[in-house]
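Visitor: Could you take me through this structure, one step at a time?
Guide: Gladly; please look at the sequence and the model first.

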Amino acid sequence: MADARLVYDDDCTFCTEAAEFVADRSDVELVGFSEVSADLRDRLPADYESCAHLIVGDAVYSCGAAMERAFVETDLGEDLKPAVKFLSQFEDYTRVRERVYQEIADRRGTLGKVF
């Protein structure tokens with residue numbers, strides 16, 4: 001994906017590992033919270049440090065949507081796209097995706113020790 005940037009919490013071990021996984025397997029550029037420029041900050045939500053964001057062109061995807069799209073852009077994408085497409089048919093999918101993202105984010109300190 002050309003011109004895509006994943007903005008993430010670079011002070012979090014688990015977040016950094018997840019972001020590096022994406023960068024190692026795609027063309028997505030990484031930008032840690034500590035590196036966010038004023039211009040980039042203007043494109044992000046005011047509470048941008050509350051979750052990850054994927055910027056693609058003019059679009060900004062946040063939290064679960066950001067990581068879902070970022071992982072789909074990796075070399076795993078061909079396997080993930082059919083599942084995402086299928087799940088997206090269901091009304092509750094977005095709510096569940098964001099809930100799973102938040103559950104993982106709430107445990108990132110513990111998960112960072114594992115990875």
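**The disulfide and a helix contact**

Visitor: What is the handedness of the disulfide of C51 and C63?
Guide: This is a predicted model, in which local features need pLDDT of at least 70, side-chain atom pairs count only at pLDDT 80 or more, and totals for chains, interfaces and linings use all residues. Residues are numbered from 1 along each chain as its sequence is written, and side-chain values use heavy atoms, with hydrogens and water left out. A disulfide here is a pair of cysteine sulfur atoms within 2.5 Å, and the sulfur atoms of C51 and C63 are 2.1 Å apart. The torsion about their S-S bond is about -70 degrees, so the disulfide is left-handed.

Visitor: How many residues apart in sequence are the parts that this pair ties together?
Guide: C51 lies in the loop between α2 (38–43) and β3 (53–56), where helices (H or I, at least four residues) and strands (E, at least two) are DSSP runs numbered from the N terminus. C63 lies in the loop between β4 (59–62) and α3, so the parts tied together are apart in sequence by 12 residues.

Visitor: Is C51 buried or exposed?
Guide: Buried means under 20% relative accessible area, exposed over 50%, and partly exposed in between (1.4 Å probe, protein chains only). The relative accessibility of C51 is 5%, so C51 counts as buried.

Visitor: Which residues of α3 do A18, F21 and V22 in α1 meet?
Guide: Contact means heavy atoms within 4.5 Å. By that rule, the three α1 residues A18, F21 and V22 meet, in α3, M67, A70 and F71.
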